[in-house]
Amino acid sequence: MAHELNLHKGAPALLRNASLDTDEIWEVRRDLAVSLRMAARLGLEEGICNHFSAVVPGHPDLFLVNRLGWAFEEATASSLLICDFDGHVVAGDGEPEATAFFIHARLHKMAPRVGAAFHTHMPNATALSMVEGDPLVYAGQTALKFYGRVAVDDNYNGLALDEREGDRIAAVLGDKDIIFMRNHGVMVCAPNIAEAWDDLYYLERAAEVQLKAMSTGRKLLPVPPEIAEAAARQMREGDPASALMHLESLRRRLDREEPEYRD
């Protein structure tokens, strides 16, 4: 189901001469590879069709993204592509999947606050995108992490194979961080990779326990709005530091078990 993208051949001279080999950029490459590999371990990907992106440090008009045809578990720092918003692969061997380009390029261009964007069809969150009503009920503490941060795209239009669909999705996001894409999947947006990973992980956990509760056939008991808002505010205060520690724990695991991700 992956679709090839007809990219422009050759990057502009300015971009070819730019330094895209700094230590800071390699650190972001490694963090994105860590996130892809851990998503694979946890079953959050779907074949070769899902995609993670991150803005290139020092280059707000460029973004890193996983390449077409490679499973998440194969990702390495050097396998990731650097693309611009006009369809050029500026660095890397290969090309992005078409929907990855049209969603992520337009999202990063239209919403510069989004430093990292993770799109998956992870099973539990996707299941909640397929049922009527609000996807999250906010009946569990983990779900409260997302209280007031969720947009719902109710208009499934098929595959995102042009800029118009990417622009529409970016507009639906607005000032939120999470999009439940009806009949499709989810998109998690954050200032950086650590916070994107943290949200992705806990969103799927929140969806999982909600579905388990729903399967009992008994009525869910949402947290009262005033308490939900207060708890969400408490979580937001500690989220950046907690997210960084979460990502660091992933790095330590993969440094021991799959050190080739760093190459």
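These legends walk through several close-up views of the predicted model shown above.

The model is predicted, so local features need pLDDT of at least 70 and side-chain atom pairs count only at pLDDT 80 or more, while totals for chains, interfaces and linings use all residues. Residues are numbered from 1 along each chain as its sequence is written, and side-chain values use heavy atoms, with hydrogens and water left out.

View 1. Let's start with the record: UniProt, in an unreviewed entry, places the feature "domain: Class II aldolase/adducin N-terminal" at residues 30–211. UniProt positions are given in the numbering used here, feature names are shortened, and annotations may be inferred rather than shown by experiment. The span 30–211 is 36% helix and 21% strand, and its end C-alpha atoms lie 33 Å apart. Helices (H or I, at least four residues) and strands (E, at least two) are DSSP runs, numbered from the N terminus.

View 2. A nonpolar core is a set of buried Ala, Val, Leu, Ile, Met, Phe, Trp, Tyr and Cys residues joined through side-chain atoms within 4.5 Å. Buried means under 20% relative accessible area, exposed over 50%, and partly exposed in between (1.4 Å probe, protein chains only). The largest core has 53 residues, and Leu32, Phe118, Phe180 and Leu203 touch the most other members. Helix H2 (residues 23–41) gives the most to this core, with nine residues. A second, separate core of 13 residues includes Leu107, Ile169, Ala170 and Ile179. Back at Phe118, and leaving aside neighbours within four places in sequence, its contacts (heavy atoms within 4.5 Å) include Leu32, His51, Phe52, Val186, Val188, Trp197 and Leu200.

**View 3. Leu36 in helix H2.** Look along helix H2 and you will find Leu36, which is buried at 0% relative accessibility. Beyond the neighbours within four places in sequence, Leu36 is in contact with Phe52, Asn66, Phe72, Ala75 and Leu80. Leu36 and Ala116 are 80 residues apart in sequence, and their C-alpha atoms are 13 Å apart in space.

**View 4. The loop between H4 and H5.** Two residues are worth a visit here. Leu136 lies in the loop between H4 and H5 and is buried, at 5% relative accessibility. Not counting residues up to four places away in sequence, Leu136 touches Leu128, Phe146, Val150, Phe180, Leu203 and Gln210. From Leu136 to Asp199 there are 63 residues in sequence and 14 Å in space, C-alpha to C-alpha. Tyr138 is in the loop between helix H4 (123–128) and helix H5 (141–144), and has a positive phi of about 60° although it is not a glycine.

**View 5. Aromatic rings.** A search of the whole structure finds eight aromatic pairs. The rings of Tyr138 and Tyr147 have their centres 5.1 Å apart and their planes at 80°, so this pair is edge-to-face. Rings of Phe, Tyr and Trp (its six-membered ring) pair if their centres lie within 6.5 Å; planes under 30 degrees apart count as stacked, over 60 as edge-to-face and the rest as tilted. Tyr138 is buried, with a relative accessible area of 15%, whereas Tyr147 is partly exposed at 21%. Elsewhere, Phe63, Phe85, Phe101 and Phe102 form one aromatic cluster.

**View 6. Arg29 over Trp26.** Arg29 lies over the face of Trp26, at 5.2 Å from the ring centre. A charge sits over a ring if NZ of Lys or CZ of Arg is within 6 Å of the ring centre and within 35 degrees of the ring normal.

**View 7. Cysteines without a disulfide.** How many disulfides does a search of the whole structure find? The search finds zero, with a disulfide taken as a pair of cysteine sulfur atoms within 2.5 Å. For Cys49, the nearest cysteine sulfur is that of Cys83, 17 Å away; Cys49 is buried, with a relative accessible area of 12%. For Cys189, the nearest cysteine sulfur is that of Cys83, 17 Å away, and Cys189 is buried at 1%.

**View 8. Loops on either side of strand S7.** Asp175 is found in the loop between helix H6 (163–173) and S7. Is Asp175 buried or exposed? At 63% relative accessibility, Asp175 counts as exposed. Asn183 sits in the loop between strand S7 (178–181) and strand S8 (185–190), and has a positive phi of about 60° although it is not a glycine.
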